[in-house]
Amino acid sequence: MGTDLPPSPSRAAAAGHMRRLALWALAATALGLVFAAWLQPDMAFALATRAWSCF
Amino acid sequence: MSATALHAAPRLSMTQVLVCGALIVTLSMGIRHGFGLWLQPITMDRGWSRETFAFAIAIQNLAWGLAGPFAGMLADKYGAMRVLMVGSVLYAAGLVLMALATSGLAFTGSAGLLLGLAQSGTTYAVIYGVIARQVDPAKRSWAMGVAAAAGSFGQFLMVPVENWLIGGFGWQNALFVLGCLSLAIIPLAFGLREPPAAVTPGPKQSVGAALKEAFGYNSFRLLTLGYFVCGFQVVFIGVHLPSYLRDQGLSPNVATTALALIGLFNVFGTYAAGSLGQRLAKRHILVTIYALRAVAITIFVLSPLTPLGVYIFASVMGVLWLSTVPPTNAIVAQIFGVQYMSMLSGFVFLSHQIGSFLGVWMGGLLFDATGSYDIVWWISVALSAIAVAANLPVRETPIVRALPQAA
């Protein structure tokens, strides 16, 4: 049966490439969402009135 | 099975080390990064001055730095898992007691001392010891970059989360929630339980001999000096940039966006520095980082201040922010091996924390004395030059030790 054969190297490489792409997309989405959270007006107020948050 | 596989020391899987290590530093670095958000609610509710709060946070940073070498020593000797578990319990206790403290002394003991000790047992030095021992040297720098990027992401992620918790549940309950969250480090620590043979591979060296060797080695002292500069610059900018921008007439939104950009690009910078460390000489990466910081600060200070200029500066500084962490620690592992990796990283980090303390303190002191941050910006540029000069002659090759004489 054809389905029992191991995947061809090109198909395995493509799958690896897709997996990496999906990971980067996921990471970019997460970073974008957090970045958007930083830009909320209440964050601006909180950070403008704080003194030592990065220390 | 090959002979090599049969005789190789058992190792944890790299994925397991990276996932558990990354989640632990995401929590430990992330939780602490938003502490400033409690400044106003706590001081208003308790009727304390800002100085009371600031003093506790200063103690926290010093305790973190001072306890780092000892936490590292214990992690090297007994394994990181135990140290992480104790650190997690201290973290939870510190956060809960911080919420309950009604006097300045109790607040300093909890938010300052306890949390500082907790951080020394749950942050980079301890995690990097496991990575150094468990990850193949060919991938070590990259793996350290992944862990540093996770810590950077934690810092970036937790500030809005903590802001939301304070707004939604009140400052006290928010601290209780974080206390529970910090206990998640305990199950994650099980993932970093090292096989006994891997904890101290090769010929054993005493702690005293390791310290004597490291502090007698010029490259270690130079790396430590460079890390001092990193702490000074990063914390001066992180703490004083919003005030600087406000003094120059820019709106608070510009400062917030700048800090967000630093946080965002920091994630990429730390990962990139770790990855590049696999291909390039790590001292050259460090030299480039410190040189670029000097260039960025000089252009920023000399250019007319606009929101766009601030955003570009923040993005560049973000890339250079904690990107010194993976190459610095990878060089330590490369020179001295992995037996006392956490302890030696702890000593290098102590220098970082002294720099951090001076960066904040001198920023405020010189601003009060001169009415401007100009002198501190130029001190930062001069320190960059010193860090460049310090890192250039660093030797990355493993130290040559005399073999014990056969009887």
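Helices and strands here are DSSP runs: a helix has at least four residues and a strand at least two. With that in hand, let's explore chain B of this predicted model.

**Exercise 1: Fold and overall form**

Work out which secondary structure chain B has, and why it counts as being as compact as a globular protein of its length.

*Solution.* 
- Step 1: Go through the DSSP runs of chain B; they come to 19 helices and zero strands.
- Step 2: Look inside: buried residues make up 56% of the 407 in chain B.

**Exercise 2: Where the chains touch**

Find out how many residues of chain B are in contact with chain A, and which helix supplies the largest share.

*Solution.* 
- Step 1: Count both sides: 32 residues of chain B contact 19 residues of chain A.
- Step 2: Sort the chain B side by helix; α3, α4, α8, α13, α14 and α18 of chain B each give at least two residues.
- Step 3: Pick the main supplier, α14(B), with nine residues.
- Step 4: Group this side by class: 19 nonpolar, 12 polar and one charged.

**Exercise 3: Confidence**

Say where in chain B pLDDT stays under 50.

*Solution.* 
- Step 1: Begin with the average pLDDT of chain B, 90, with 94% of the residues scoring at least 70.
- Step 2: Then turn to residues 1-7 of chain B, where pLDDT stays under 50.
- Step 3: Finish with the scores of the model, ipTM 0.79 and pTM 0.87.

How values were computed: Residues are numbered from 1 along each chain as its sequence is written. Chains are lettered from A and ligands numbered from 1 in the order in which they are written. This is a predicted model: local features need pLDDT of at least 70, side-chain atom pairs count only at pLDDT 80 or more; totals for chains, interfaces and linings use all residues. Two residues are in contact if their C-beta atoms, placed from the backbone, lie within 7 Å. Ala, Val, Leu, Ile, Met, Phe, Trp, Tyr, Cys and Pro count as nonpolar, Asp, Glu, Lys and Arg as charged, and the others, Gly among them, as polar. pLDDT is the predictor's confidence in each residue, from 0 to 100. The radius of gyration is taken over C-alpha atoms; the globule rule is 2.2 Å times the number of residues to the power 0.38. A residue is buried if 20 or more other C-beta atoms lie within 10 Å of its own, exposed if 12 or fewer, and partly exposed in between; C-beta atoms are placed from the backbone.
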